[in-house]
Amino acid sequence: MRLAMKPKPERVPLRTATGKNMKLLLIKRNWVLYLFILPAFLYFFIFSYIPMYGVQIAFKDFIATKGFGGSPWADPIFKHFITFFSSTRFAEIFWNTISISFYYLLVSFPAPIILALMINEVKNNKFKKLVQNVTYMPYFISMVVLVGMIDLFFSNTGLVNQLTALIGLEPVQFLQKDSLFNDMYVWSGVWQTTGYGSVIYFAALAGVSPELHEAATIDGASRFQRIIHVNLPAIMPTIVVMLIISVGGIMNLSFEKVLLMQKDINMEVSEVIPTYVYKLGIQKAQYSLSSAVGLFNNIINLTLLILVNRFSRKVGENSLW
């Protein structure tokens, strides 16, 4: 006796669904994919969006015992912003932040691209993997250890000055010169992050069709010409997206690194907005003023992100939204 098979329920075609019904139908059909993104959604919602409720203290005279809601509003409402803008240190701190940020972006952004393009041309797979691992490893060094290495190598009796003394040169006080602070910060950061940043460009280069290189070779293109006219255009969408993201966080310097590198002798060039916010909020308990300064910093980042994204969308076809 044959068992009767139950007919499978017919799937509702998407073309017959409209509006909310279509959205619910898509969610129902792809619920596994939504389950995968749930942890990331919860992470950003809990640690990024919920804390935004506390931004209001930038416009209040915050009193810890009264909390966010019970603290009185500042009079005028932008009192803490005015206090920061009228401060004698505003121009110095703002210029330090801008100068280090743009210097770091100018040097650190093209470095992973160049490294990825160079290693991609290496034919020996063992050597290629060795270079990738060696350049990737510094990323795992903690910031405390990195600054300790800077102090160890570039102090008056450090390794660099000992090597220069062997050839008869005078020791250079790297850590005491204001003019060298930006260089020490930027180039140590480039050394630490270039290998890690190149990973995404390696992935993009892996998707370049070999047929394009074969066609370019038949047309007589040299290796350098193939890099410029084949590889670079292929990874340009990735480069544009990464540039937009980098510009959007340009004012977010490494707080830990700057704070660890600060000394009394270089304070005029090393005091930046992140460290200033820390000192106001944690050390001096000026919570409203520190929140106003931090909000001002984030507004600049958001403005730059929107402007660069809009410019990219008008000039080319790549943008974040």
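**View 1. Phe 102 in helix 5.** Phe 102 is partly exposed, with a relative accessible area of 43%. Here buried means under 20% relative accessible area, exposed means over 50%, and partly exposed is in between, with a 1.4 Å probe and protein chains only. Phe 102 sits in helix 5. Helices are DSSP runs of H or I with at least four residues, strands are runs of E with at least two, and both are numbered from the N terminus. Along the chain, Phe 102 and Ile 250 are 148 residues apart, yet their C-alpha atoms are separated by 7.2 Å.

This is a predicted model, in which local features need pLDDT of at least 70 and side-chain atom pairs count only at pLDDT 80 or more, while totals for chains, interfaces and linings use all residues. Residues are numbered from 1 along each chain as its sequence is written, and side-chain values use heavy atoms, with hydrogens and water left out.

**View 2. Helix 8 crossing helix 10.** Which residues make the contact between these two helices? First, the geometry. Helix 8 covers residues 143-154 and helix 10 covers residues 181-197; their axes come within 12 Å and cross at roughly 120°. That angle makes helix 8 oblique to helix 10. The axes are lines fitted to C-alpha atoms, for helices over the stretch in contact, and angles run from 0 to 180 degrees between N-to-C directions. Angles under 35 degrees count as roughly parallel, over 145 as roughly antiparallel, 65 to 115 as roughly perpendicular and the rest as oblique. The crossing of helix 8 with helix 10 is right-handed. A crossing is right-handed if the near helix is turned clockwise from the far one by less than a right angle, and left-handed if anticlockwise. Helix 8 brings Met 143, Leu 146, Met 149, Ile 150 and Phe 154 to the contact, and helix 10 brings Met 184, Ser 188, Trp 191 and Gln 192. Contact means heavy atoms within 4.5 Å. Seven of these residues are nonpolar, two are polar and none is charged. Ala, Val, Leu, Ile, Met, Phe, Trp, Tyr, Cys and Pro count as nonpolar, Asp, Glu, Lys and Arg as charged, and the others, Gly among them, as polar.

**View 3. Helix 6 beside helix 7.** Helix 6 (residues 110-120) and helix 7 (residues 125-136) pack with their axes 10 Å apart, at an angle of about 160°. The two helices are therefore roughly antiparallel. Their crossing is right-handed. Leu 115, Ile 119 and Asn 120 of helix 6 meet Lys 128, Val 131, Gln 132 and Thr 135 of helix 7. This contact has three nonpolar residues, three polar and one charged.

**View 4. The buried side of helix 16.** Helix 16 spans residues 273-283, and its buried residues are Ile 273, Pro 274, Thr 275, Tyr 276, Lys 279, Leu 280 and Gly 281. What do they pack against? Their partners are helix 4 (79-85), helix 5 (90-108), helix 14 (255-261), helix 15 (267-270) and helix 17 (287-315). Ala 285 follows helix 16 and has a positive phi, near 60°.

**View 5. Aromatic pairs.** How many aromatic pairs does a search of the whole structure find? The search finds 25. Rings of Phe, Tyr and Trp (its six-membered ring) pair if their centres lie within 6.5 Å; planes under 30 degrees apart count as stacked, over 60 as edge-to-face and the rest as tilted. Tyr 53 and Phe 68 form an edge-to-face pair, 5.7 Å centre to centre with 65° between the planes. Tyr 53 lies in the loop between helix 2 (31-49) and helix 3 (67-70), and Phe 68 lies in helix 3, so the pair ties together parts 15 residues apart in sequence. Tyr 53 is exposed at 53%, while Phe 68 is partly exposed at 33%. Phe 78 and Phe 81 are also edge-to-face, with ring centres 6.0 Å apart and planes at 65°. Phe 78 is partly exposed at 48%; Phe 81 is buried at 8%. Ring pairs also link Phe 84, Phe 85, Phe 90, Phe 94, Tyr 276 and Phe 296 into a cluster.

View 6. Not counting residues up to four places away in sequence, Asn 309 touches Ile 244, Ser 319, Leu 320 and Trp 321.
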